[in-house]
Amino acid sequence: MPNCKEIKERFTELLLDGVDCRSDEAVSAELRRCPECRSEFEALSVTLRLANRLSDAAVPTEAYWPGYHSKLRQRLLNAQNETTTSRAKAQRRKDELGPLFGPLRPGAGTSLFTRFLKTSVRVPLAVGVALVVAAALLLTFTIRAARNDVQPSHTTTIVRVPVEVPVVEEKIVTRVVYRDRRSIVQTAKRPVDALRTEGTFASSQKSRSEATPASLTGFKPTDEIKLTVIKGGLPNEK
Amino acid sequence: MTERDTDAASDIDLIKRAQAEDLDAFCLLAKRYARRIYLLASHYCRNPEDAEDLSQDVWLKAYQALRTFRFDSSFYTWLRRITINAFLNHRRSGFFRRRGQTTMVQLLPIDSEEPHVLFESSSASQENIYNKLLFESVVDALAELTPAQRLAFLLRHYEGMSYDEIAIAMNCSTGTVKKGVWRAIGKLRARLSPEADVPETLTSFASEY
């Protein structure tokens, strides 16, 4: 069984179509059963009937129409005249330009191109030969130029790529080098704390110097050594 | 061909003659359908001057396009399509005059020189007053709608077109058309229903009608 909303939609459509709602059984049964639907139906039918009467109110009287039609006729005549004038102008333009552009039209019997093909001009033999030779030369040069323009596909291409190069930096590193005093000054007294500081290094060097006593020959103690450090270079690189 | 014969000529004959640039034949066609087109225009633009201009524009467009008429529909259906397009184009171009609530029927003053124009008898005068009140109520209700909604309602109610036909003519969806029509009915219902502030005599008059 349809609900009130569906029935309302249905009788509205029937009223809009001007169909008698009593012809629809479902609608008439619902209108008998539901007082709300009935009052809605009545209100809507009065509304649409009133709206229908708008047509009667909006139509002008008979006296209005002759003026309307004469005005319309005048406007139509003006439009017709404008069309005729523009057509005449177009025709005149066509007549004026026709002889000029007529041969170029696709349908034209003797077109300019056809006439050009059929036309023959008498040329002296020497001039003819010269023209042929010139044309042949021109063709040859054109072909050669075209061949030169073609680049082989395997040509080496130079590409410039920025590369980071290791930079040599000079750095002065100061190191204190202790010499073995025993081999130079046996009796010299040294400060206690200095001896204590050097102790470890001296004792470690002692065994070495004893093992290779000739290694200290010609050894010149110095306070500074010069080291060259290559930044980013290989370990054996200088 | 006598004038009577011309009047009795079918639409097809008149159209064929009009297509051959017979202006008289076209004017006869215009006489046949001018009221319907004018009525649609007047409902749509709610102003007599606009209605006249718009309806005449429709006839001019129809005259210029008559060669394209292929007899595959009735002349009125074809004409109505031109009318709808003209309405929609005019809506886009802001053609309508902005004069507030200018109504089609204007009340004559009591000491009018020509009272016979509208008031020929006492019953006629009563009907005229009802008509004016009614007209203003309906016009006010329709004025609250958008032009598209108003057009959808006019085509559905006055022209009896289906929702699908209207949707095709207005180049929009069927749902939009339905919504427009229902909205229009809602507005009219609020304005014109017995519970609304409409003179009781007016609604009873409409009920009797």
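How many helices and how many strands does chain A have? Chain A has seven helices and two strands. Keep in mind that what we're looking at is a predicted model. If you walk along the sequence of chain A, the order is α-α-α-α-α-α-β-α-β. There are 238 residues in chain A, and 8% of them count as buried. As for contacts in chain A between residues at least 6 apart in sequence, 55% link residues at least 24 apart.

Okay, let's zoom in on helix 1 of chain A. That's residues 4-17, so to speak, 14 residues in total. From first C-alpha to last, helix 1 of chain A reaches 20 Å, close to the 20 Å expected at 1.5 Å a residue. Which residues of this helix are buried? They're I7(A), F11(A) and T12(A). Looking down the axis of helix 1 of chain A, you'd find the buried residues within an arc of 135°, so they line one face of the helix. Here's the general idea: an α-helix has 3.6 residues a turn, so residues three or four places apart point the same way. Over on the other side of helix 1 of chain A, K5(A) and D17(A) are exposed. Then, just after this helix, G18(A) takes a positive phi of about 75°.

Now over to chain B. Here helix 3, residues 23-45, packs with helix 7, residues 147-157, at an angle of about 145°, and their axes are 9 Å apart. The crossing of these two chain B helices is right-handed. So who meets whom? From helix 3 of chain B we have L40(B), H43(B) and Y44(B), and they meet R150(B), L151(B) and L154(B) from helix 7 of chain B. By class, that contact has four nonpolar residues, one polar and one charged.

Definitions and conventions. Residues are numbered from 1 along each chain as its sequence is written. Chains are lettered from A and ligands numbered from 1 in the order in which they are written. This is a predicted model: local features need pLDDT of at least 70, side-chain atom pairs count only at pLDDT 80 or more; totals for chains, interfaces and linings use all residues. Axes are lines fitted to C-alpha atoms, for helices over the stretch in contact, and angles run from 0 to 180 degrees between N-to-C directions. Helices (H or I, at least four residues) and strands (E, at least two) are DSSP runs, numbered from the N terminus. A crossing is left-handed if the near helix is turned anticlockwise from the far one by less than a right angle, and right-handed if clockwise. Two residues are in contact if their C-beta atoms, placed from the backbone, lie within 7 Å. Ala, Val, Leu, Ile, Met, Phe, Trp, Tyr, Cys and Pro count as nonpolar, Asp, Glu, Lys and Arg as charged, and the others, Gly among them, as polar. The expected span of a helix is 1.5 Å times one less than its number of residues. A residue is buried if 20 or more other C-beta atoms lie within 10 Å of its own, exposed if 12 or fewer, and partly exposed in between; C-beta atoms are placed from the backbone. The arc is that of the directions from the helix axis to the C-beta atoms.
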